[in-house]
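User: Hi! I've got a new model open and would like to talk it through with you. Could we begin with the overall picture?

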Amino acid sequence: MEDLDRFWTSIVDYYDVKFSAQWTQVRTPDRMPHTRWFTGGRLNWAQQTLRRGADDTTALVCVQEGGLPARQITFAELRRSVGAVAGWLRRAGVSSGDCVGAYLPNTEHAVIGVLAAATVGAVWACCSPDFGPDGTIGRLAQLEPTVLISTDGYHWNGKKIDRRDVVAQLRESLPTLRHLVHVPYVFDRPRPEGSIPWEELLAQDAPLEFEQVEFSHPLWVLFTSGTTGLPKGLVHGHGGIVLEGTKWSGLYCGLRPGERMFTYTSTGWALWNMQLGALTQGASIVLYEGNPGYPAGAVWEVAARTRADVLLLGAAVVSAASSTEISPRDEHDLSRLRHLMVSGSALPSAGYQWVLEHVGSDLRIDSTSGGTDISGSFVGANEYAAVRAGRIGGRLAGVDCVAWRDDGTPVVDTVGDLVITQPMPSMPIFLWNDPDTTLYTDSYFATCPGTWRHGDWVTVHSDGTVTIHGRSDSTLNRQGVRLGSSDFYDVLDTMPEISETLVIGVDQPDDGYWLGLFVVPAPGYMLDDELERKIAETLRTRLTPRHVPDEVVEAPAVPRTLNGKRLEVPIKKL
């Protein structure tokens, strides 16, 4: 990235980002994590998000599991709802810098809530209702919210999941809470005693008055789960999310007014926050609440029914679909779908082939990778680069990422550590409860001060494409050679005898090393000597002899995060 400052000012100019007070400096000379962008400038993320959509065009398409008719909300209705809720927040005493917490599924209530909180300058934090009480309390209690907007439940696999008990525990565990707002979404039952009905927040219209805040004013808190201690709260700023969201939705999703983006996500995944960038282009977003595989192929049926132009989902959803008999393009009209974006983990080569054969032969496939950390992407495809199965198109504009050896030397066409050598506006402005940036520094900058180490093992190829091999803390190191876990999965996921796998490497005494492969046999198969030999031979011939495990262990299932990533590091620690 030769001229970082000029690039980001070009985004400001091209997308006409509105500042109420003009900035004086593109960025400060401080090295990461202390860099500050567009100092002196004042704006509001919610104002930028809501300004383009025409009043009578659709902003939100709300779909519930089970094939029920979608609810559509226009930009005019969305603006009116945001103004009403923001007015209620102000009357409730919420002001700039206060925290509004939420326990909501992927519905219009969450979108209205985050926009209203941002409108008054409050900080938003939301947990998905598929989080249990401990995970939710461990996140929201850190933030000391004064308002909690909560649902009564959610839908999954054709069932109604009751979450009233979790809300009651939350209420007891948040001593700073002054108001509990009840969203009656799943059940027709009395609201919790002393709570305020959602309808009351919408009852009184109020003008949209956007609090003008500094570029780096806190917008929302996203959490990384970690393996020890409380989840880390990553605080992103209004201005950084305006720029990253506008760049990503405009340049890389290519969204235009009137188009639709369908992101399969929950409110607990950063993809939920990223999808909101579509609204900045005057495009609409499809909010799906439920299981993408219930009934089988539901995610493709919803994409067809809502006439989505861009579809973003986790690689695990594609892999799950490819293991079934469904063929979406034979069952649904997906003619409007032009762009499939895949995140969460790298899409294996077999996934590309399945998409081309069963979804659309002229579909642009975009495997992308970034993270909760920046509420955006580091690498992905673009309109000018060829799509290569099993590889990511390249670096995104404004991202100075390279692969480094342990000694800090850049490498090409060989495995290295993914690092970001220049700052990005959407990097966290700080971590919650980390006043001296000790945790922030230890998390990303301990290896090389001033350089962001993301924790992924990658290969940056000479043609600019990128291969992600897995997390560096779960990367296998056998006989001094690093092996990426994703390479194992790319091979093993194509075997019909196997449902899913997980591979780990554990250091042993006296410089020993154990490479273990956990295997969940597919229905109708068992892990016997014959299958073990086939696994070993497949890995030996398609990869290298070093990839043959020391032991193959049958497992009942593979634990995954809520967004489908295999839990390699916790299993390794155990």
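Analyst: Happy to. This is a predicted model. For 574 residues, a compact globule would have a radius of gyration near 25 Å, and the protein has 23 Å, so the value agrees with a compact globule.

User: Nice. What box do the C-alpha atoms fill?

Analyst: Along the principal axes, the box is roughly 70 × 55 × 50 Å.

User: And how many helices and strands are there?

Analyst: There are 17 helices and 33 strands in the protein.

User: What share of the residues is buried?

Analyst: Buried residues account for 59% of the 574. As for the accessible surface, the total is about 23,200 Å², and carbon and sulfur atoms hold 49% of that.

User: How about contacts between residues at least 6 apart in sequence: what share joins residues at least 24 apart?

Analyst: That share is 69%.

User: Switching to charges, how many positive and negative side chains are there?

Analyst: The protein carries 50 positive and 69 negative side chains, with the centres of the two sets 3 Å apart.

User: Let's zoom in on Thr501. Where does it lie?

Analyst: Thr501 is part of strand β31, which covers residues 498-508.

User: Buried or exposed? Why?

Analyst: Thr501 counts as buried because its relative accessible area is 0%, and the cut-off for buried is under 20%.

User: So which residues does Thr501 touch, leaving aside neighbours within four places in sequence?

Analyst: Its contacts include Tyr489, Leu492, Asp493, Phe518 and Arg566. Leu517, Val519 and Val558 are also among them.

User: And how far is Val552 from Thr501?

Analyst: Val552 is 51 residues from Thr501 in sequence, and their C-alpha atoms are 10.0 Å apart in space.

Terms used. Residues numbered from 1 in each chain as written. Predicted model: local features only at pLDDT ≥ 70, side-chain atom pairs only at ≥ 80, totals over all residues. Heavy atoms only, no water. Helix = DSSP H or I, 4+ residues; strand = E, 2+ residues; numbered from the N terminus. Rg over C-alpha atoms; globule rule 2.2 N^0.38 Å. Buried < 20%, exposed > 50% of the residue type's maximum accessible area, 1.4 Å probe, protein only. Contact = heavy atoms within 4.5 Å. Areas by Shrake-Rupley, 256 points an atom, 1.4 Å probe, with all protein chains shown as cover. Lys, Arg positive; Asp, Glu negative; His and termini not counted. Charge placed at Lys NZ, Arg CZ, Asp CG, Glu CD.
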